[in-house]
Amino acid sequence: MHTPNYQAPLPAAIVIGAELRAARLAARWGIRELARKAGLSPSLLCHWELGSRIPTPDTASYVFGLLRLPQGEASRLRSLAVHAHDTVYAEHRPTWSAHIERVYERASSAVQGWSPSFVPLSLQEPSYTWDMLEYTTAPDNSPEARLFDLTAEPDVRQRDLPPEPEWLIGRRALCHPAIRRESSIAQHHRLLSYLTKPSSNLRIVDDAEDLEGFTMYRQKKQLPTVALRHSGTTIFLVTEDAATVYNARFEHLAQRALSRAETCELITKQLRELETSP
């Protein structure tokens with residue numbers, strides 16, 4: 001049996017790193033301050049936050065205890081450290097899925113994504129996001145405003161950011177029935193503005209089969225991490241099989257996508273229809 005390639009950052013490592021960083025920022029501690037309190041090196045903590053290394057379960061419990069993480073969350077993260085080398089991880093909380101994907105974006109040399117039903121989070125207008133969350137979130141779970149804080153973190157420098165993602169989106173993402181007309185109009189303007197950037201890479205797939213949304217986060221000389229999105233859950237995969245399958249699916253969609261000029265033309269046409277409709 002072929003042994004899976006573990007070169008790509010493991011999903012559990014990314015989750016532990018994202019939550020460690022969030023807990024540290026919430027405590028208003030710098031890397032060096034936490035390292036001093038925990039008796040660890042700052043470089044080791046940086047590796048943990050980036051997901052390039054994984055703390056032992058006991059060390060994870062100790063550090064999250066210092067940060068006063070609730071017992072339930074600390075136990076969950078300890079369990080993740082125990083099973084850190086699993087190549088599949090499922091995240092059921094929409095806000096944390098978005099946070100983890102931000103970590104992957106910062107660590108990637110390239111990002112390619114297919115979004116059939118909704119505009120990708122990084123390109124969404126706030127009103128569009130609220131409409132989407134109200135559509136996908138159970139009634140007893142109100143959308144969290146913290147989601148809008150995930151796009152800009154003060155200690156991330158421009159030079160550390162990856163190139164613009166290559167996005168393929170389905171036509172129905174532009175006029176989804178869950179999105180109000182006013183939100184859809186604002187979203188169309190946002191996309192047209194984005195497409196004026198020379199570095200932007202967004203194209204529409206006019207008619208695609210019912211293929212679930214996914215994103216591939218690529219690191220140089222490593223397997224991509226594949227993030228699948230379905231029914232409010234994001235599943236992160238790190239296997240050669242997943243890389244092969246989703247590479248082929250993305251290439252197939254890219255061949256069918258409209259050109260950049262055709263994409264601008266379609267968005268402009270739909271915007272006019274939205275603005276003139278009663």
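Reader: Which strand does Gly170 lie in?
Author: In this predicted model, Gly170 lies in strand E3, which covers residues 166-170.

Reader: And is Gly170 buried or exposed?
Author: Gly170 has a relative accessible area of 5%, and because the cut-off for buried is under 20%, the residue counts as buried.

Reader: What is Gly170 in contact with, leaving aside its neighbours within four places in sequence?
Author: With those neighbours left aside, Gly170 is in contact with Trp114, Ser115 and Pro116, and also with Ile204 and Val205.

Reader: How far is Gly170 from Gly213, in sequence and in space?
Author: The two glycines are 43 residues apart in sequence, while their C-alpha atoms are 9.7 Å apart in space.

Reader: Stepping back to the protein chain, how many helices and strands are there?
Author: The secondary structure comes to ten helices and seven strands, and 47% of the 278 residues in the protein chain count as buried.

Reader: What share of the contacts with a separation of 6 or more comes from residues 24 or more positions apart?
Author: Such residues account for 74% of those contacts in the protein chain.

Reader: Let's turn to H1. What span should its residues have, and how far apart are its end C-alpha atoms?
Author: Helix H1 takes in residues 11-26, and at 1.5 Å a residue its 16 residues should span 22 Å, which agrees with the 23 Å between its end C-alpha atoms.

Reader: How many of the H1 residues are buried?
Author: Of the 16 residues in H1, 14 are buried, so the helix is mostly covered.

Reader: At what angle do H1 and H3 cross?
Author: The axes of H1 and H3, the latter being residues 42-50, cross at roughly 120° and come within 6 Å of each other. The two helices are therefore oblique to each other.

Reader: Which residues make that contact?
Author: From H1 the contact uses Ala13, Ile14, Gly17, Ala18, Leu20, Arg21 and Arg24, and from H3 it uses Leu45, Trp48, Glu49 and Leu50. Sorted by class, the contact of H1 with H3 has seven nonpolar residues, one polar residue and three charged residues.

Reader: What about Arg28, where is it found?
Author: Arg28 is found in the loop between H1 and helix H2, the latter being residues 31-38. Arg28 has a positive phi of about 60° although it is not a glycine, and at 75% relative accessibility Arg28 counts as exposed.

Reader: Which loop holds Arg68, and what is its phi near?
Author: Arg68 is found in the loop between H4 and H5, and its phi is near 60°, a positive value in a residue other than glycine. With a relative accessible area of 77%, Arg68 is exposed.

Reader: Then how do H4 and H5 pack, in angle and distance?
Author: Helix H4, residues 57-66, and helix H5, residues 71-82, pack at an angle of about 155° with their axes 8 Å apart. That angle makes H4 roughly antiparallel to H5, and H4 passes H5 in a right-handed crossing.

Reader: Which residues of H4 and H5 make the contact?
Author: On H4 they are Pro57, Asp58, Ala60, Ser61 and Phe64, and on H5 they are Ala74, Leu77, Arg78, Ala81 and Val82. By class, the contact of H4 with H5 has seven nonpolar residues, one polar residue and two charged residues.

How values were computed:
Residues are numbered from 1 along each chain as its sequence is written. This is a predicted model: local features need pLDDT of at least 70, side-chain atom pairs count only at pLDDT 80 or more; totals for chains, interfaces and linings use all residues. Side-chain values use heavy atoms; hydrogens and water are left out. Axes are lines fitted to C-alpha atoms, for helices over the stretch in contact, and angles run from 0 to 180 degrees between N-to-C directions. Helices (H or I, at least four residues) and strands (E, at least two) are DSSP runs, numbered from the N terminus. Angles under 35 degrees count as roughly parallel, over 145 as roughly antiparallel, 65 to 115 as roughly perpendicular and the rest as oblique. A crossing is left-handed if the near helix is turned anticlockwise from the far one by less than a right angle, and right-handed if clockwise. Contact means heavy atoms within 4.5 Å. Ala, Val, Leu, Ile, Met, Phe, Trp, Tyr, Cys and Pro count as nonpolar, Asp, Glu, Lys and Arg as charged, and the others, Gly among them, as polar. The expected span of a helix is 1.5 Å times one less than its number of residues. Buried means under 20% relative accessible area, exposed over 50%, partly exposed in between (1.4 Å probe, protein chains only).
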